[in-house]
Amino acid sequence: MNSILQQDLNDFENILEKTKQQGVGFLNDIENIPTSNTHTIDPKTALNEVGLGSIDALKEFNERLAPLMVSSSGSRYWGFVTGGSTPASIVGDWLASVYDQNTQAVKAQGGASALIEFETINLLLQLLDLPDTFLGGFVTGATMSNFTSLGVARQWFGKQFGKDFAKNGISETVNILTATPHSSSIKCLSMLGIGSQNYTTVKTIQGNREALDIADLEENIKKLNGKPFILISSAGTVNTADFDDFEAISKLKEQYNFWWHIDAAFGGFAAVSEKHNHLVKGWEGADSITIDCHKWLNVPYESAFYLIKKEHANLQIETFQNSNAPYLGNPLENFNYLNVLPENSRRMRALPAWFSLKAYGKEGFRDIIENSTALALHFGNVLIENDFELLAPIRLNNVCFTLKGEHNQEKVSQFLLALNDTGKVFMTPTVYQNKKGIRASFVNWRTTQNDVKLVIQEMREIRSNI
């Protein structure tokens, strides 16, 4: 064995202890760590010949690279839709690295860790009050979940014409209808060969809404003259957390032939709260659903899962099977994630979610969801009192706002840059209904009213100088 590797093996417990101490120190001080910084490095460093060993590598990391880290898992990182990491999820993530399984099979001599993934999906279905008519699996994020789901949808579409798109390529125009899709869905259309511009935009409901207009959806369906199509709908649009009417879509599904996909990356967790679960009523009728875990489930990046109806299992295998690897066995007889997902190599992503679900249960996540939504409303109310205005109603956990007055539109970018530069909070810019805006997303389990109070103080001070 290499001498440096042998040295690290002999000192393994000490190495892990130092790493643990550093991690605990970061998390214990996360409220004081900036949400953004301007630190930079020269990444063109030389690879040394012998190697430093883990302890000295950790020392160099602390000196050069650690200053790049921001408190993105902290209580005032409100940009994008970024969750934190609960204690239980970190336990699961660390153990996933320690056990280092390539999670694929549910029955194999070489390891059956995918059974943990099956169990975790079952727990998630219970959390979200969805039936076990779905099969699911873990992927890196909403983009790959959308990709997996829409990949199977593409195969379904081909079958309506008696064609196998997975084997022979796309030979028909794939009809896509959607109103306010997330950019990741459009990216997936590009990656799937459908084309990022090849979709029809359905009108949204009038009156400051991002949800699709059911009447216009049906008009667009009729224009297809009976041709099949794929519908991409939203459970929580990124700007205003708006939801399509799933009950109405379910009724349309009884009349028309289409694949129904729901992007519920963060909004799906509305199902956990009795105050908000009406927003997803009827979503169990979908063919596929995308949900992120590293958002509102508060597990470490990267973690998301897809749900696809069991009745489409053959289509999923046709789309993703490893057909030229006989050692994998018959994909219809021996379940293996190799044959139903894009990746052939997969870490045990389900474990952080499993630990979280077991540790905090339905009540724990209900508390997180309802705390987040309550804080969003509180933040919105305080904004109105302080020279800001809401660009849309607060429907769930996202607050879309801007500086009050049309004359202040030119100052929005300057204001947000100055606010983020404080390192006390991080929010993201947006454009909503042709107005420059700012978006704050409440998903982190640590966030409290004290955080809102601190942020408002910073905003007042910056606003007085701009």
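## Inside helix α9

Let's start with N220, which sits in helix α9 (residues 214-223); helices here are DSSP runs of H or I with at least four residues, strands are runs of E with at least two, and both are numbered from the N terminus. Keep in mind that this is a predicted model, where local features need pLDDT of at least 70, side-chain atom pairs count only at pLDDT 80 or more, and totals for chains, interfaces and linings use all residues. Residues are numbered from 1 along each chain as its sequence is written, and side-chain values use heavy atoms, with hydrogens and water left out.

Is N220 buried or exposed? N220 counts as buried, because its relative accessibility is 10%; buried means under 20% relative accessible area, exposed means over 50%, and partly exposed is in between (1.4 Å probe, protein chains only). The side chain of N220 reaches the backbone oxygen of D216 at 2.9 Å. Leaving aside residues up to four places away in sequence, N220 touches L177, T200 and V202, where a contact means heavy atoms within 4.5 Å.

M1, L5, L9, F12 and L16 make a nonpolar surface patch of about 560 Å². Such a patch takes residues with over 30% relative accessible area and no salt bridge, joining nonpolar side chains (Val, Leu, Ile, Met, Phe, Trp, Tyr) within 5 Å, and like charges within 9 Å. The areas come from the Shrake-Rupley method with a 1.4 Å probe, and for residues only the protein chains shown count as cover.

Helices α1 (3-10) and α2 (12-28) each supply at least two residues of this patch. M1 belongs to the segment before α1, and M1 is exposed because its relative accessible area is 68%.

## A two-faced strand

Five bridges join β10 to β11 (residues 435-441), and the two run antiparallel; strands pair if DSSP finds at least two bridges between them.

Which residue of β11 stands opposite P429? That would be I438. The hairpin of β10 and β11 has two residues between the strands, and Q433 there takes a positive phi near 50°.

## Charged partners

Side chains of opposite charge can pair when their charged atoms come close. A search of the whole structure finds 16 salt bridges, each one a side-chain nitrogen of Lys or Arg within 4 Å of a carboxyl oxygen of Asp or Glu. One of them joins R347 and D93 (3.1 Å, N to O). This pair links distant parts of the chain, 254 residues apart: R347 is in the loop between α11 (313-320) and α12 (350-384), and D93 is in helix α4 (residues 87-99). R347 is partly exposed, with a relative accessible area of 30%, whereas D93 is buried at 18%.

Another salt bridge brings together R395 and D242 (3.7 Å, N to O), and both residues are buried. K253 and D287 also meet in a salt bridge (3.0 Å, N to O). K253 lies in helix α10 and D287 in the loop between β5 (258-263) and β6 (288-292), so the pair ties together parts that are 34 residues apart in sequence. K253 counts as partly exposed at 24% relative accessibility, while D287 is buried, with a relative accessible area of 5%. Finally, E31, R76 and D451 are linked in a network of salt bridges.

Terms used
Polar contact = N/O pair within 3.5 Å; in protein donor to acceptor, adjacent residues only side chain to side chain.
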